[in-house]
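Hi,

Here is the model I promised to pass on. Have a look at it first, and my notes follow below.

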Amino acid sequence: MSRPDSEYLEYDPFFGEEGEMTCRTKALRRARKEHACFGAPDSGDSHTIKPGDRYRHETALVDGDFWGTYRICLPCIDKWIRELEGNGNDE
């Protein structure tokens, strides 16, 4: 599924988390090297973002204590948005 870039940036993958995230920056990027995708560590579906793939890159100061960097592939964000829309089935 292809969405406008604005939807990928508006979506908050950390909504509802207890930690406080400040100084957040987010952007869509194209990978120049392989990165682990942060989108599925709890589901057991660990995978990587391959060179050439687009992904969401986010940094934030977490709980005023440490800087976090998060890279999430667009298919993971698509899946999460579909789940929020009540359509969790893959297309």
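Which residues are buried in helix α2 (residues 74-84)? They are Leu74, Cys76, Ile77, Asp78, Trp80, Ile81 and Arg82, where buried means under 20% relative accessible area, exposed means over 50%, and partly exposed is in between (1.4 Å probe, protein chains only).

Before the rest, some housekeeping. This is a predicted model, so local features need pLDDT of at least 70 and side-chain atom pairs count only at pLDDT 80 or more, while totals for chains, interfaces and linings use all residues. Residues are numbered from 1 along each chain as its sequence is written, and side-chain values use heavy atoms, with hydrogens and water left out. Helices (H or I, at least four residues) and strands (E, at least two) are DSSP runs, numbered from the N terminus.

Back to α2. The cover over its buried residues includes α1 (5-10), β1 (21-30), β4 (54-62) and β5 (66-73). Just after α2 comes Gly86, with a positive phi of about 85°.

Now for the backbone. Most residues other than glycine have a negative phi. Cys23, in strand β1, is not a glycine and yet has a positive phi of about 50°. Asp63 also has a positive phi, near 55°, without being a glycine. Asp63 sits in the loop between β4 and β5 and counts as partly exposed because its relative accessibility is 48%.

On cysteines: a disulfide here is a pair of cysteine sulfur atoms within 2.5 Å, and a search of the whole structure turns up zero of them. Cys73 is in no disulfide, as the nearest cysteine sulfur, that of Cys76, is 3.5 Å away. Cys73 has 9% relative accessibility, so it counts as buried.

His57 lies in strand β4 and is buried, with a relative accessible area of 9%. Its side chain makes a polar contact with the side chain of Arg29 (3.5 Å). For that term I used a pair of N or O atoms within 3.5 Å; within protein, one must be able to donate a hydrogen and the other to accept it, and residues adjacent in sequence count only if both atoms are side-chain atoms. Neighbours within four places in sequence aside, His57 is in contact (heavy atoms within 4.5 Å) with Thr25, Lys26, Ala27, Arg29, Thr69, Tyr70 and Arg71.

Finally, the charged pairs. A salt bridge is a side-chain nitrogen of Lys or Arg within 4 Å of a carboxyl oxygen of Asp or Glu, and the search of the whole structure finds eight. Here are some of them:

- Arg54 and Asp5 form one, with the closest N and O atoms 3.0 Å apart. Arg54 is partly exposed at 29% relative accessibility, and Asp5 is partly exposed at 35%.
- Glu7 and Arg3 form another, at 3.1 Å between the closest N and O atoms. Glu7 counts as partly exposed at 28% relative accessibility, whereas Arg3 is buried at 10%.
- Glu58 and Arg24 also pair up, with the closest N and O atoms 2.5 Å apart. Glu58 in strand β4 and Arg24 in strand β1 are 34 residues apart, so this pair also links distant parts of the chain. Glu58 is buried, with a relative accessible area of 1%, while Arg24 is partly exposed at 33%.

Salt bridges that share partners also join Arg3, Glu7, Asp78 and Glu85 into one network.

Cheers
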